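Here are some notes for a first look at this entry.

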Amino acid sequence: MLTAAQLTRLPQTFRKSYDRQFLPLLERTGLSMREIHVLLFLANHPGQDTARDVVELRGLAKSQVSQAVEVLTGRGLLARRADGADRRIVRLAITGAGRPLAREAQEIQAAFGREDLDRLGKLGRVADAVIDF
């Protein structure tokens, strides 16, 4: 059975395990996990394509998102464009150069999700066995 301390550390443990899956990609590209988070958010949420969307829905700090967008645009992986209806709004788009990287990150994310669901299923079977005992 999990102790209260172990239970409170689960989100942190999950995050570390998730981030570890991206290490080869991070090392190869020189990007940070924060930059990958922004790229993944934009790839996974079509139509939610402003820095404000990333801040509000992903829960990252505005300064962190701004820095990540600067790096990604500087490397040609993202492009900024003014909104046609409201020029104050800046839309972000993954560029042709950024799409393969976004797809690779999504594949890593999906593989982690499948493995995590498998682990949760095993944990559920163990819990069922304990309860049935």
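**Notes on the predicted model**

1. The side chain of Asp83 reaches the backbone nitrogen of Asp86, at 2.9 Å. Keep in mind that this is a predicted model.

2. Where does Asp83 sit? Asp83 lies in the loop that runs between strand E1 (78-82) and strand E2 (90-94).

3. Is Asp83 buried or exposed? Its relative accessible area is 13%. The cut-off for buried is under 20%, so Asp83 counts as buried.

4. Now look past the sequence neighbours of Asp83. With those within four places set aside, Asp83 is in contact with Ile89 and Arg91.

5. Step back to the fold. The protein chain has 6 helices and 2 strands. In sequence order the pattern reads α-α-α-α-α-β-β-α.

6. Next, burial and surface. The protein chain has 133 residues, and 30% of them count as buried. Its accessible surface is about 8,800 Å². Carbon and sulfur atoms account for 56% of that surface.

7. How do contacts span the sequence? Take the contacts between residues at least 6 apart in the protein chain. Of these, 49% join residues at least 24 apart.

8. Finally, confidence. The protein chain has a mean pLDDT of 88. A value of 70 or more is reached by 86% of its residues. Where is confidence lowest, and where is it highest? Helix H6 (residues 99-132) is lowest, with a mean of 76. Helix H5 (residues 62-74) is highest, at 98.

Definitions and conventions:
Residues numbered from 1 in each chain as written. Predicted model: local features only at pLDDT ≥ 70, side-chain atom pairs only at ≥ 80, totals over all residues. Heavy atoms only, no water. Helix = DSSP H or I, 4+ residues; strand = E, 2+ residues; numbered from the N terminus. Buried < 20%, exposed > 50% of the residue type's maximum accessible area, 1.4 Å probe, protein only. Polar contact = N/O pair within 3.5 Å; in protein donor to acceptor, adjacent residues only side chain to side chain. Contact = heavy atoms within 4.5 Å. Areas by Shrake-Rupley, 256 points an atom, 1.4 Å probe, with all protein chains shown as cover. pLDDT = per-residue confidence, 0-100.
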